[in-house]
Amino acid sequence: MSDTFERSCQHWSEASRDGMEDFYALATVDYRYLVEALDWRGWLEQQQKAIGNRRLRILDVACGSGKFPTALNT
């Protein structure tokens with residue numbers, strides 16, 4: 001467990017910041033392509049219709065930067 005913690009700390013450290021910013025710049029492009037690949041509003045409306053009056057809930061399990069949900073909102 002401590003090995004995972006130490007690797008995570010190193011990954012998110014200031015020394016790794018440039019690499020992470022480069023990664024997220026590239027990931028943002030990937031997310032834009034993913035957003036444009038599907039009519040997400042239509043898909044979500046279909047899912048809501050399929051469950052009727054129950055509340056539709058979505059879980060974002062990526063636990064990352066929030067870049068994909070942000071791309072969906074643009």
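Close-up 1. Helix 3 covers residues 40-51 and has the highest mean pLDDT among the elements of the chain, at 94, whereas helix 1, covering residues 2-11, has the lowest, at 81. Just after helix 3 comes G52, whose phi is positive, at about 70°.

**Close-up 2. The aromatic pair of Y31 and F68.** Four aromatic pairs are found when the whole structure is searched. One of them joins Y31 and F68, whose ring centres are 5.8 Å apart and whose planes stand at 55° to each other, a tilted arrangement. Because Y31 belongs to helix 2 (residues 17-36) and F68 to helix 4 (residues 67-72), this pair ties together parts of the chain that are 37 residues apart in sequence. Y31 is partly exposed, as its relative accessible area is 25%.

Close-up 3. What kind of pair do the rings of W40 and W43 form? Their centres are 6.1 Å apart and their planes meet at 75°, so the pair is edge-to-face, a term that applies to angles over 60 degrees. Both W40 and W43 lie in helix 3, where they are three residues apart, about one turn of the helix. W40 counts as partly exposed at 22% relative accessibility, and W43 is likewise partly exposed, with a relative accessible area of 36%. Through ring pairs, Y31, W40, W43 and F68 are linked into a cluster.

**Close-up 4. L38 in the loop between helix 2 and helix 3.** The loop between helix 2 and helix 3 is the place of L38, a residue that is partly exposed, with a relative accessible area of 39%. From L38 to D3 the distance is 39 Å, C-alpha to C-alpha, while the two residues are 35 residues apart in sequence.

**Close-up 5. The whole chain, as a setting for the other views.** The chain has four helices and zero strands, so that from the N terminus on its elements run α-α-α-α. Its radius of gyration is 17 Å, well over the 11 Å that the globule rule gives for 74 residues, so the chain is more spread out than a compact globule. Along its principal axes, the C-alpha trace spans about 50 × 30 × 15 Å. Buried residues make up 9% of the 74 residues, and the chain exposes about 6700 Å², of which carbon and sulfur atoms supply 55%. The mean pLDDT of the chain is 85, with 95% of its residues reaching 70 or more. Where pLDDT is low, predicted coordinates should not be read in detail.

Notes:
Residues are numbered from 1 along each chain as its sequence is written. This is a predicted model: local features need pLDDT of at least 70, side-chain atom pairs count only at pLDDT 80 or more; totals for chains, interfaces and linings use all residues. Side-chain values use heavy atoms; hydrogens and water are left out. pLDDT is the predictor's confidence in each residue, from 0 to 100. Helices (H or I, at least four residues) and strands (E, at least two) are DSSP runs, numbered from the N terminus. Rings of Phe, Tyr and Trp (its six-membered ring) pair if their centres lie within 6.5 Å; planes under 30 degrees apart count as stacked, over 60 as edge-to-face and the rest as tilted. Buried means under 20% relative accessible area, exposed over 50%, partly exposed in between (1.4 Å probe, protein chains only). The radius of gyration is taken over C-alpha atoms; the globule rule is 2.2 Å times the number of residues to the power 0.38. Accessible areas come from the Shrake-Rupley method with a 1.4 Å probe; for residues, only the protein chains shown count as cover.
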